[in-house]
Amino acid sequence: MEDGFSSYSSLYDTSSLLQFCNDDSASAASSMEVTDRIASLEQRVQMQEDEIQLLKSALADVVRRLNLSEEQQAMGTRRGPTKARPMIATLPLRPTVNNGTVLPKKGSGTLPSPSGPGSRKDATTPANKRILYLPLSTVRRANSNEHVGTLTRKDSGDSKGNRTRAGSTGSNSSGKRSESKQRDPVFNAEEGYVKMFLKGRPITMYMPKDLVDNYSLEARADLPSNKLKLDWVYGYRGRDCRSNLYLLPTGETVYFIASVVVLYNVDEQLQRHYAGHTDDIKCLAVHPDKITIATGQVAGTSSDGKQLAPHVRVWDSVSLNTLHILGTGFFDRALVCLAFSKSNGGNTLCVVDDSNDHVLSVWDWQREDRLAEVKCSNESVFAADFHPTDSNVIVTCGKSHLYFWNLEKGVLVKKQGLFEKQEKPKFVLCVTFAENGDTITGDSSGNILVWGKGTNRISHVIQGAHEGSIFALCMLRNGSLVSGGKDRRLISWDSSYQQIQMVEVPELFGPIRTVAEGRGESVLIGTTKNFVLQGSLDGEFTPITQGHTDELWGLAIHPCKSQFLTCGHDRQVSLWDSSSHQSIWTKHMEDAAQSAGFHPSGAVVAIGTETGRWLVLDTDSKDLVTVHTDGNEQLSVMRYGPDGNFLAIGSHDNYIYIYAVAENGRKYSRVGKCSGHSSFITHLDWSVDSQYLVSNSGDYEILYWIPSVCKQVVSMETTRDISWATYTCTLGFQVFGLWPDGSDGTDINAVCRSNEKSLLVTGDDFGKVHLFSYPCSQFRAPSHVYGGHSSHVTNVNFLYDDSFLVSTGGKDMSVMQWRIV
């Protein structure tokens, strides 16, 4: 093992670190500047983090080798002696040649290898202690009956994977993919099991007896004949985005959520989707021709760890074809504002990115040519727009600023808005233009300010137009101005800025984030609680789209209707109709919700929370049926048995709580808890006859139970041929082919087998939904891959009749419905 540890030591010279940490001059030099001292401390912390990472990596390697030696020991006792010998017999007394490399003698100042040949402890191991067996050759089969999938097996390389993961960033956590090669699975025909490895840890999966004779690891799985087509996207991103709602002449309302732009025809109840983006969309602009659309996305990470640059996509809203891609490699972090020019036929596009300087750039988008760029502000920028009659004038606003920019010979020249006697607001939040060319702004003080055309001075003030921030201004066709704000009020003003009408949006929908002109007299509103509302200043507003407002995890499918339920950290539980695409009801709870499951009758649904509390709701009335508490950690799984007589609850406290259920899901009595997992419960499935339960945990265990008595079943002969009512466990013989190469065991969040047992779907950490054939019991099985989510796909499930699939995106808060074709 010395060779493994020396490779870590070569990466980080621990002796120099110890010397650095003991050097008081680094921190005590009184003459050192504060910035230098901070830099020094940061460097020290970084070095210490590296050292900790090194120790973790070494420990992971020790654990992996211990597991390997235990397996070999067990095989040695079962099948007679193998070619392994005790390490004690071969302890080196001098530097050893390993793989042709001479290892230097370790000094006492460095850390000894925890279980390497140089460790003095090993030399005096008592006879009754565990003896570490190591293989003689570097690559050999652990056992003559185990067949390896391919001959190129390599170390799992935990150290590399761990370091990659620790340093990764990105909205969809995609940077965590380990670069190391996973060990290939082995097949033991004599005992009828396949052993796969996740992070170097062996997972043994016994197969049904009737499959053993004809099974081969080398066989290739087929792609499923079915495919998925995105049918409907539930939700809207209004919480932290602006100016992202428009009505097109086709009658379609356009907005975005996750990495999908939705074109929604409310009258015909049809959605179309532009799915060209690879990560979160943050801004949207519509060309004066009302056909061409520009959208900007954040920087992301692909599933193989590559950085995806932020960029603008210009596309056709009729054909949904991408016309141009702008700024790949130029923009930083994300794009926050977009606008097309109006007076020159919309030939130019202005863009503000999310870099420290919030760079404003102007593009001839048809030629994909950057005409000008300038540092806009080191503070947040909320809006940017071209003047309607002069395509060389751009107005930007944000925290503590309002700037008028003039494009002169390829250079953007800035004039600052002068507030003079008017108190300067903390934030200028939105901008639009009057028919006469005046600029109109709304700010965090609740004031609407009018700036004379061609000047940077205030010509008119509507003091206290709103109570609190004004988030949106919209100039209507009839010349009136509409403003909306944090006070949930929508107010219209005439050309002399006198109030015409005022309507207040109900508190349920939240503050007004953006306003757009609808058909005729109607107005569209996007709110910070992620509703899109339609209505008029005369009457009331009704939601045409709604969604969750925080991370989304819980998904349950109705057992006999085209309905599904979602719940999340926003404490909101929603029942949806997949046919009408509408919310049937929504209920707000005291705790953040994590999981859900319907009773087989469909009469009630159980909701698990993050605090250990769980409740049962009546499906029709959403009334509370009962509340219980088990432990004080999150409840990851709520699963009723197929006969409806038991409820199994998987908790993060490592227990599975079992309840007896009576009166069609209305009465519950605790049977006990299944204890045996050494990590949190991740997935549960019941057998068809409701007699058995299988569970997975955070440390990749597969355990079997008799839930009626809360006893673990250890006999593989009992469990290998059990028929399972559902298949949501990510570990098992029928599904092990879904794991991608180099996976760390947490990449797959959810799995679901179709009800007619021919398809398997997964949701992963890279925003992708994968469709496999079932059973998926060949290594690295092929799949159809679908994007749309921009965060972890936290849950996936087929509807009761397999007509649709539903997927939930964690931090993107979206729910997507896919048609199986």
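Reader: How do you know that asparagine 654 lies in a loop, and between which strands?

Author: Asparagine 654 falls between strand E49 (646-651) and strand E50 (656-662). Strands (E, at least two residues) and helices (H or I, at least four) are DSSP runs, numbered from the N terminus. This is a predicted model, in which local features need pLDDT of at least 70 and side-chain atom pairs count only at pLDDT 80 or more, while totals for chains, interfaces and linings use all residues. Residues are numbered from 1 along each chain as its sequence is written, and side-chain values use heavy atoms, with hydrogens and water left out.

Reader: What makes the phi of asparagine 654 worth a remark?

Author: The phi is near 80°, a positive value in a residue other than glycine. Most residues other than glycine have a negative phi. Asparagine 664 also has a positive phi, near 60°. Asparagine 664 sits in the loop between E50 and strand E51 (667-674), and with a relative accessible area of 44% it is partly exposed.

Reader: What does aspartate 618 touch?

Author: Leaving aside residues up to four places away in sequence, aspartate 618 touches Trp585, Ala603, Val604, Asp623, Val625 and Arg666. A contact means heavy atoms within 4.5 Å. For valine 604, 14 residues apart from aspartate 618 along the chain, the C-alpha separation is 4.6 Å.

Reader: How do you know that the side chain of aspartate 618 makes a polar contact with aspartate 620?

Author: A polar atom of that side chain lies 2.9 Å from the backbone nitrogen of aspartate 620. A polar contact is a pair of N or O atoms within 3.5 Å; within protein, one must be able to donate a hydrogen and the other to accept it, and residues adjacent in sequence count only if both atoms are side-chain atoms.

Reader: How many helices and strands does the chain have?

Author: The chain has eight helices and 62 strands.

Technical notes. Buried < 20%, exposed > 50% of the residue type's maximum accessible area, 1.4 Å probe, protein only.
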